[in-house]
Amino acid sequence: MNIVLVLSGTLLTLAVPLVFVIAGIALFTFGFFASHSIASSLVGKRAASHKAQASSLYLFFYYTGSSIFGSLGGFF
């Protein structure tokens, strides 16, 4: 469901009127953070042992990827 929000928000940003672009960004942001919170909670539930380490690894790679791809986005 949240991936559908992300995809529809992405497609909505391709529209010409500014209102649709703003709505698309809002949908994308909501869907992204909803997906992230669900994925973050599933890491702890699915880890059989060492739940804290699994959660910290997830967050480490999440923030590392965000900083790398966020910096690369500045070039485009």
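# Reading helices and aromatic rings in a predicted model

Q: Which residues of helix α1 are buried, and where do they fall when seen down the axis of α1?

A: The general idea is that an α-helix has 3.6 residues a turn, so residues three or four places apart point the same way. In the case of helix α1, which spans residues 2-12, the buried residues are N2, L5, V6 and G9. Seen down the axis of α1, these buried residues fall within an arc of 100°, and therefore they line one face of the helix. On the other side of α1, the residues I3, V4, L7 and L11 are exposed.

Q: What covers the buried residues of α1, and at what angle do α1 and α2 pack?

A: The cover over the buried residues of α1 includes α2. The two helices α1 and α2 pack at an angle of about 155°, and their axes are 7 Å apart. Since angles over 145 degrees count as roughly antiparallel, α1 and α2 are therefore roughly antiparallel to each other. The crossing of α1 and α2 is left-handed. On the α1 side, the contact is made by N2, I3, L5, V6, S8, G9, T10 and L12, while the residues of α2 that take part include F20, A23, G24, L27, F28, G31, A34, S35 and I38.

Q: At what angle do α2 and α3 pack, and what is the handedness of the crossing of α2 and α3?

A: Here the angle is about 150°, with the axes of α2 and α3 8 Å apart, and that makes α2 roughly antiparallel to α3. The crossing of α2 and α3 is right-handed. The contact is made by F32, F33, H36, A39, S40, V43, G44 and K45 of α2, together with K51, A54, S55, Y58, L59 and Y62 of α3.

Q: Which residue in the loop between α2 and α3 has a positive phi although it is not a glycine?

A: That residue is H50, which is found in the loop between α2 and α3 and has a positive phi of about 55°. H50 counts as exposed, because its relative accessibility is 58%.

Q: How many aromatic pairs does a search of the whole structure find?

A: A pair of aromatic rings is described by the distance of the centres and the angle of the planes. A search of the whole structure finds six aromatic pairs. One of them is formed by F32 and F33, with 5.2 Å from centre to centre and 80° between the planes, and this pair is edge-to-face. Both residues are partly exposed, F32 with a relative accessible area of 33% and F33 with one of 46%. F32 also pairs with Y62: their ring centres are 6.3 Å apart and their planes lie at 25°, so this pair is stacked.

Q: Which residues form one aromatic cluster, and is Y62 buried or exposed?

A: The cluster is formed by F28, F32, F33, Y58, Y62 and Y63. Y62 counts as buried, because its relative accessibility is 17%. Leaving aside neighbours within four places in sequence, Y62 is in contact with F32, F33 and H36. Y62 and I3, in turn, are 59 residues apart in sequence and 17 Å apart in space, taken from C-alpha to C-alpha.

Q: How far apart in space are L72 and K51?

A: L72 and K51 are 31 Å apart in space, C-alpha to C-alpha, and 21 residues apart in sequence. The place of L72 is in helix α3, and L72 counts as partly exposed at 39% relative accessibility.

Notes. Residues are numbered from 1 along each chain as its sequence is written. This is a predicted model: local features need pLDDT of at least 70, side-chain atom pairs count only at pLDDT 80 or more; totals for chains, interfaces and linings use all residues. Side-chain values use heavy atoms; hydrogens and water are left out. Rings of Phe, Tyr and Trp (its six-membered ring) pair if their centres lie within 6.5 Å; planes under 30 degrees apart count as stacked, over 60 as edge-to-face and the rest as tilted. Buried means under 20% relative accessible area, exposed over 50%, partly exposed in between (1.4 Å probe, protein chains only). Helices (H or I, at least four residues) and strands (E, at least two) are DSSP runs, numbered from the N terminus. The arc is that of the directions from the helix axis to the C-beta atoms. Contact means heavy atoms within 4.5 Å. Axes are lines fitted to C-alpha atoms, for helices over the stretch in contact, and angles run from 0 to 180 degrees between N-to-C directions. Angles under 35 degrees count as roughly parallel, over 145 as roughly antiparallel, 65 to 115 as roughly perpendicular and the rest as oblique. A crossing is left-handed if the near helix is turned anticlockwise from the far one by less than a right angle, and right-handed if clockwise.
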